[in-house]
Amino acid sequence: MSSVATPVVQDNSYLTLHYRIGAPDGADIVNTFEGTPATMQLGGGQMAPTLEQAMLGMRVGERCRVELAPEQAFGPRNPDLLQRVSMKTLQENSNFGEEYSVGDLVEFNAPSGGRYAGILRELGDGWALFDFNHPLAGQPIVFEVQIIGIL
């Protein structure tokens with residue numbers, strides 16, 4: 001008989017898993033349980049650090065459910081991330097010629113060459129108000145995960 005230790009999830013594990021992020025009322029935000037499992041490497045920035053922490057020590061086949069307060073999940077809402085942008089800046093740094101409506105997620109070009117996104121909250125005369133907070137900031141969430149494989 002072989003005495004191979006059963007692997008456990010560690011800080012840099014490469015995982016195959018099913019997971020669900022949901023609102024406290026039960027609504028799904030992300031759910032892979034009904035479809036294709038996800039693959040990810042812990043520490044790679046694909047998931048919030050607190051969600052990764054919840055998986056540490058789990059074994060293949062284990063499932064867990066964690067309720068997280070906003071501070072543990074995607075952080076509190078930051079009022080400084082509500083920003084008024086001139087229509088000129090919007091046109092210069094987003095998809096040229098695009099028409100936007102309140103509620104749209106708009107991507108901008110960052111000065112560093114990257115991209116960032118905000119939700120359009122208001123349109124005014126020559127300006128637009130964007131919320132650059134994570135869409136789940138300020139909200140409690142439920143995180144469920146089942147480990148399928150650990151490499």
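**Aromatic pairs and charges over rings**

Q: How many aromatic pairs does a search of the whole structure find?
A: The search finds 6 aromatic pairs. The model is a predicted one.

Q: What is the geometry of the pair between Phe108 and Phe132?
A: Edge-to-face: the ring centres of Phe108 and Phe132 are 5.7 Å apart, with 65° between the planes.

Q: Which parts of the chain does that pair tie together?
A: Phe108 is in strand β6 (residues 105-109), and Phe132 is in the loop between β8 (127-131) and β9 (141-150), so the contact joins parts 24 residues apart in sequence.

Q: Phe108 and Phe132, buried or exposed?
A: Phe108 is buried, at a relative accessible area of 1%. Phe132 is buried too, at 19%, and the cut-off for buried is under 20%.

Q: And Tyr116 with Phe132, what kind of pair is that?
A: Tilted, because the planes are at 55°; the centres are 5.5 Å apart.

Q: Where do Tyr116 and Phe132 sit in the chain?
A: Tyr116 is in strand β7 (residues 115-123) and Phe132 in the loop between β8 and β9, 16 residues apart. Tyr116 counts as partly exposed, with 34% relative accessibility.

Q: Which residues form the aromatic cluster?
A: Phe108, Tyr116, Phe130 and Phe132 form one cluster.

Q: Switching to charges. Which ring face does Arg63 lie over?
A: That of Phe33, with Arg63 at 4.0 Å from the ring centre.

Q: And what about Arg84, which ring is that over?
A: Arg84 lies over the face of Trp127, 3.7 Å from the ring centre.

Note on methods. Residues are numbered from 1 along each chain as its sequence is written. This is a predicted model: local features need pLDDT of at least 70, side-chain atom pairs count only at pLDDT 80 or more; totals for chains, interfaces and linings use all residues. Side-chain values use heavy atoms; hydrogens and water are left out. Rings of Phe, Tyr and Trp (its six-membered ring) pair if their centres lie within 6.5 Å; planes under 30 degrees apart count as stacked, over 60 as edge-to-face and the rest as tilted. Helices (H or I, at least four residues) and strands (E, at least two) are DSSP runs, numbered from the N terminus. Buried means under 20% relative accessible area, exposed over 50%, partly exposed in between (1.4 Å probe, protein chains only). A charge sits over a ring if NZ of Lys or CZ of Arg is within 6 Å of the ring centre and within 35 degrees of the ring normal.
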